[in-house]
Amino acid sequence: MNNVEILIIASSLDFTSDYVCLELQRRGTKYLRLNRDEFETYNISLYIANLTMVVEFEGEQYIIDNENLKSIYYRAPIYLRDIYQPDILPEEQLFRTQWTAFIRNLTIFENINWLNNPVHTFKAENKLLQLRYAKNIGFLCPETIITNSNKIDIDNDSTYIVKSLDTALLRTEGKEAFVYSSVLSGKVIKESALSLSPIVVQQYIYPKVDIRVTVIKDKLFAVKILKDKEGIAGDWRLQKHDIEYIPIDLPATIKKKCLQIVERFGLTFGAIDLIKSNNQYYFIEVNPTGEWAWLVDSAQLPIYESICDFLEGDVKHA
């Protein structure tokens with residue numbers, strides 16, 4: 001029997017969680033990793049009366065209870081964005097929905113440290129609420145319109161950023177496709193058919209330098225993203241080569257606001273996107289399940305160490 005101190009819920013292909021698992025293993029911490037895509041290979045029983053979960057696989061038994069459990073690291077978005085695609089069988093739909101509900105119900109372990117609690121993640125995945133909270137905190141935010149109409153008050157000759165309201169994962173020709181942000185003129189937007197779904201139309205801020213800020217509780221890691229020593233027009237994620245991620249020290253006021261927006265949503269982790277333009281910092285969004293592993297090697301940032309420090313820390317009490 002193995003008493004678990006830290007529970008990690010990830011997927012078998014999530015190499016980001018590999019960093020955390022290897023560090024916990026190096027520290028000799030008692031952890032258990034459950035992969036969402038492999039749940040059917042585990043025997044799991046959760047006893048409500050004494051709040052104890054028993055997991056059996058590969059001939060071992062693991063006990064997760066209030067007495068020993070310190071933290072849960074939940075590495076996944078809340079929304080199942082492709083659940084109703086026609087090529088997904090009913091059995092797969094059942095697997096996804098019911099195990100997702102099971103994970104969500106693990107919030108009955110209240111007196112532990114979550115990174116992040118699914119309830120808070122669900123709330124934080126709403127981009128409009130992010131912008132509202134960010135503005136209330138004192139961040140500058142781009143002017144933003146949510147619309148499915150081309151009869152909007154924008155200038156034909158001005159340039160705008162157009163993006164999806166939620167992460168858009170599509171299936172085309174049997175492959176998964178991701179929708180990136182686009183830079184479009186007001187004229188093109190007004191001439192487009194938009195009625196099918198809402199989109200985000202935002203003020204285009206340029207020249208700019210993109211900044212990624214990774215927050216773990218009260219720790220903060222920031223990098224500026226450059227190509228050929230300059231900021232990148234449009235969505236930097238579309239650039240594949242010669243990108244530099246350079247660690248930077250943000251002004252104290254911006255650091256404070258970054259910590260505040262994460263705390264405002266009840267999160268302990270947040271990947272924040274900022275833009276710096278003409279010496280002003282603009283808030284773009286905060287991702288409660290954002291990626292960070294690419295910064296470990298590209299910017300030599302030991303983010304996984306801070307995550308493990310938090311997971312191993314003293315248990316908070318509700």
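Colleague: In which sense do strand 2 and strand 7 pair, and over how many bridges?

Modeller: Strand 2 (residues 6-10) and strand 7 pair in the parallel sense, and four bridges link them. Strands here are DSSP runs of E of at least two residues, helices are runs of H or I of at least four residues, and both are numbered from the N terminus. Two strands count as paired if DSSP finds at least two bridges between them.

Colleague: Before we continue, what kind of model is this?

Modeller: This is a predicted model, in which local features need pLDDT of at least 70 and side-chain atom pairs count only at pLDDT 80 or more, while totals for chains, interfaces and linings use all residues. Residues are numbered from 1 along each chain as its sequence is written, and side-chain values use heavy atoms, with hydrogens and water left out.

Colleague: Back to the strands. In strand 7, which residue is the bridge partner of Ile 6?

Modeller: The partner of Ile 6 is Ser 71. Ser 71 also stands opposite Asn 113, which is in strand 8.

Colleague: How many bridges do strand 7 and strand 8 have?

Modeller: Strand 7 and strand 8 (residues 113-115) pair over three bridges, in the parallel sense. Tyr 73 has Leu 115 as its bridge partner in strand 8.

Colleague: What is the order of the strands in the open sheet?

Modeller: The open sheet has four strands in the order 3-2-7-8, with parallel pairing. Strand 3 (31-35) and strand 8 are the edge strands, each pairing on one side only. From one strand to the next, the twist averages 15 degrees.

Colleague: Which way do the residues of strand 7 point?

Modeller: Ser 71 and Tyr 73 point one way from strand 7 (residues 71-74), whereas Ile 72 and Tyr 74 point the other way, and all are buried. Buried means under 20% relative accessible area, exposed means over 50%, and partly exposed lies in between (1.4 Å probe, protein chains only). In a regular strand the side chains alternate between the two faces of the sheet.

Colleague: Which helix lies across strand 2, strand 7 and strand 8?

Modeller: That is helix 8 (residues 303-311), which runs at about 150 degrees to strand 8. Axes are lines fitted to C-alpha atoms, for helices over the stretch in contact, and angles run from 0 to 180 degrees between N-to-C directions.

Colleague: A change of topic: how many salt bridges are there?

Modeller: The count comes to 12 salt bridges, each being a side-chain nitrogen of Lys or Arg within 4 Å of a carboxyl oxygen of Asp or Glu. Side chains of opposite charge can pair when their charged atoms come close.

Colleague: With which residue does Glu 23 form a salt bridge?

Modeller: Glu 23 forms one with Arg 26, and their closest N and O atoms are 2.6 Å apart. Because they are three residues apart in helix 1 (residues 15-27), about one helical turn separates Glu 23 and Arg 26. Glu 23 is buried at 6% relative accessibility, whereas Arg 26 is exposed at 61%.

Colleague: And which side chain does Arg 27 meet in a salt bridge?

Modeller: Arg 27 meets Asp 309, at 2.9 Å from N to O. Arg 27 lies in helix 1 and Asp 309 in helix 8, so this pair ties together parts that are 282 residues apart in sequence. Arg 27 is partly exposed, with a relative accessible area of 27%, and Asp 309 is partly exposed at 40%.

Colleague: Which salt bridge partner does Asp 273 have?

Modeller: The partner is Arg 212, with 2.8 Å between the closest N and O atoms. Asp 273 is in strand 18 (residues 269-277) and Arg 212 in strand 15 (residues 209-216), so the pair ties together parts that are 61 residues apart in sequence. Both residues, Asp 273 and Arg 212, are buried.

Colleague: Which residues do salt bridges that share partners join into one network?

Modeller: The network joins Glu 23, Arg 26, Arg 27, Asp 309 and Glu 312.

Methods
Contact = heavy atoms within 4.5 Å.
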